[in-house]
Amino acid sequence: MNKPASVPGHFDAVVVGAGFSGLYMLYRLRQLGLSVKVFDSADDVGGTWYWNRYPGARCDIPTTDYTYSFDPELEKEWTWSEKYATQPEILEYLRFVADRHGLRSDIEFSTAVTSARWDEPEQRWRITTDRGKEIRCRYYIMATGCLSMPKSPDIEGAGRFAGQVYFTSRWPHEGADFTGQRVAVIGTGSSGIQSIPLIARQARQLTVFQRTANFSIPAHNGPAPADRLEQLDVGRDAYRHAARWSRGGVPLEPTDVLGVTASESVRRERFEAAWEQGELFGILNVFADQGVNPASNDIVAEMIREKIRSAVKDPETAEALCPKDHYFGTKRPCLDTGYFETYNLPHVRLVDLRKQPIVSITEDGIETADESFGFDAIVYATGFDAMTGALVAADVAGQDGLSLKEKWAAGPSTYLGLMTAGFPNFFMLTGPGSPSVLSNMTVSIEQHVDWVARCLEDMCEEGLETIEPTALAEAGWDQHVQDCGAITLYPTANSWYMGANVPGKPRVFLPYIGGVDAYRQACDEVASQDYLGFRMTGPGGDRCRDGVVRSMQPDVAMVLEFVAALGLPPMETLSAADARALMAATAEGRPPGPELGEVTDGVIPGPAGDLPYRLYRPGGPSGRPRPLVVYFHGGGWVLGNLDSDDPLCRDLCARSGAVVMSVNYRHAPEVRFPAAALDAFAAVQWADANATELGGIPGQLAVAGWSAGANVAAVACQLARDAAGPRISGQLLICPVVDSDMTRPSYEENGDGYILTTALMRWFWDHYADPADRGEPRAAPLRGDLEGLPPACIVAADFDPLRDEGVAYARALEAAGVPVRLARARGHTHTSVTMVDVVISGAPVRAGIGEALRDFFPSAELQEQVS
Ligand code: N01
């Protein structure tokens, strides 16, 4: 039972919303012994399942999983009747939970919170309701759901219609009877797609107005899946644990089959299996790369389009129902029961608004650009102001009176999707920046509520009373959320995930797509690191361990995990020959990089014998001369060759539009310092002398390199300056080795765990140069004379032991009057920027590199060729 308020109108916590999250939050806060008041504008529990009563409303996560797991007895007492339960059954379930735990006594129904103000001197929230009550509380928790604020109809004349008007999101409790009526449905998202087949059963005429064709797969509803029931019977706890640590909140083994490389039969087999299973996470897991690779996505999308074409008899209607303007999954896919087949009924018609947009709603129907339609009823299935709508509408004002709406004017900003700076003790459940709508909501809700409850418990134990994220932690999380989205195809769609369905809403990727498991891990880490990134105050003292919980690019982190799982021996424990073999083996099967106009191999004379080279020419008119970039591969002067950096060279060529000449040089330990540097300089001299034959433009030559290759490139620039030629237009140094001093902080911070380790760097140096030679500018160009060197672009990666020497070289060049572009590869390691088509987040960095290369040669022609 709840603790009563010690002072009338004063509560420890106020919760808004009595749906899945509000009910569980109340339950947990009571367990902590706090006094709690819950408000809901509805007259019963249920949240989204209270309001969305349209015909056909069901969940789209199997109900065995769309259920609370906190109460094992409850799980035994409640049995779902179907694979996907109906709205009335889910509502009944929530009522059952509320009654079972006596939750209703702390809920004030039919009461909306109209404003919430943080009272700084009191360190309390002042809450007012539409019933004129004013309440004080220490903690204010919004459990208002992600899809609870209906989008107001943004259609001309919407208020004018004289017939019956329905909103799927606010369906009348007594239901609607469309028998004998001419009905219009506007919208073909989940709500439209679920309700249309049932409305068609009653209506005399049904006209569906579709703006965007949507992907939908058959739900194959029926009894709860036997395999899942069995798993639950055998080990409920293990099953729930697996759900909590899964990507989407439903146990599922993520596939590693790539759509682009799978055979046709594997593709078909995997797709058909997912189609038959009828589950969202299954169809989103046909291929590992369908969410990130357009070609792979299109394989799944085309197979769905085939299904639509075979279900719908009229070819023109079928084609209009085939989604073509967004990648599969980037708008929430739907589960349906007979949706596409509904269009075969003689009284059902599809109007494609892309061909004939709605001009206006009229008194008796809808007018499009081409036709006038008369209706008895219009159903709006037009969606929600998702994820932020309910939060900003609630008139929440934090410190200094700043409202949430003002703070989020350019898009939401949160720490972990749970809190936002400037709003102490204000929690959001499933807020923007949390997995929420991309996951099984119930699993995410339990995680959020548990985290908040544990946080409040910990604070109480420590005598702390207020909590608020720091600006640094919040900015870091916002960046991480966007980084996770940016490597996927999701931001390309005009979806409600992007806020694109609401006119004027800032275009920001709202949910966290890193996964329920990764998110849980991040939240747990924050808590276990003394609530990293939160400032807490109270009689127990003030404390703040500021920091960013995730700053590595998500795909870089995945690569590191993958490499760690391979359990490879550390390179520095191998012989040079074995290390070379290992490097070649790990490169097998990687994506080849972009197609180019021409790639040819050859040899050039070096100071001590021939040096192999590979020449990359971009596409476009052959024979047209272009600037020339001489490139040197990485590998610590010991490893690497023309093949090792082939995808990167292709990428540099494609992005810059220049001819790239990758030259191999003699390797250590067989041939030691300064052979590699001398070979590099000789190659640059030869390329300059033979520019025309190579397809270059005489006098337009740059050098480039990665890692040790950048070392010899930098040295070649110094040697060329000293020898008064050749003239070099620019030097591109990607994560360069420019000094032999291994004491800079980046060696300390990044010396272990990010592939290039301090130990490996030491091994490289030992193979390449005697200690006495390592201070020489030809080994450590940072120690040389830097005046008069060519303009430079230096890439420094956050998680690279060499980061600080790269930055130091940029600063030193600048000090010597050399124009420098320092490109910080945020969240990257020494190797990740070079992993073409593997580490997607490296692409923008390489796009910047391509631009820098073009800027070395300010000829309008090159700029034009690339654009
Ligand atoms: O809303 P939506 P929803 N003129 O935004 C169209 C969850 N949910 O209520 O795509 C003409 O998806 C709009 O067109 P467009 C689920 O997460 C779950 O259906 O913007 N058309 C679109 O077709 C879901 O994703 C279940 O071009 C207009 C439709 O209206 C989310 O809720 C069931 C328009 C809106 O689709 C929202 O679903 C239901 C205009 N002015 C919902 N404005 C389950 O199964 C909008 N549209 C658990």
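By class, nine nonpolar, nine polar and seven charged residues make up the shell around the ligand. The model is predicted.

**Ligand shell**
- The ligand has 25 residues around it, and K151, D154, S191, T212 and K331 come nearest.
- Helix α5, residues 190-202, gives the most to this shell, with three residues.

**Polar contacts and cover**
- T212 places a polar side-chain atom 2.4 Å from an oxygen atom of the ligand.
- D154 also uses a polar side-chain atom, which lies 2.7 Å from a nitrogen atom of the ligand.
- T188 contributes through its backbone: an N or O atom there lies 2.9 Å from an oxygen atom of the ligand.
- On its own, the ligand has 910 Å² of accessible area, and the protein covers 90% of that.

**Helix α15: length**
- Helix α15 runs over residues 471-486, which is 16 residues.

**Helix α15: burial and packing**
- Buried residues in α15 include the charged E474, D478 and D483.
- Also buried in α15 are A473, G476, W477, H480, V481, C484 and G485.
- The helices that the buried residues of α15 pack against are α13 (404-407), α16 (516-528) and α17 (554-566).
- These buried residues also pack against the strands β19 (466-469) and β29 (820-829).

Methods
Residues numbered from 1 in each chain as written. Predicted model: local features only at pLDDT ≥ 70, side-chain atom pairs only at ≥ 80, totals over all residues. Heavy atoms only, no water. Near = heavy atom within 4 Å. Polar contact = N/O pair within 3.5 Å; in protein donor to acceptor, adjacent residues only side chain to side chain. Areas by Shrake-Rupley, 256 points an atom, 1.4 Å probe, with all protein chains shown as cover. Helix = DSSP H or I, 4+ residues; strand = E, 2+ residues; numbered from the N terminus. Expected span 1.5 Å × (residues − 1). Buried < 20%, exposed > 50% of the residue type's maximum accessible area, 1.4 Å probe, protein only. Contact = heavy atoms within 4.5 Å.
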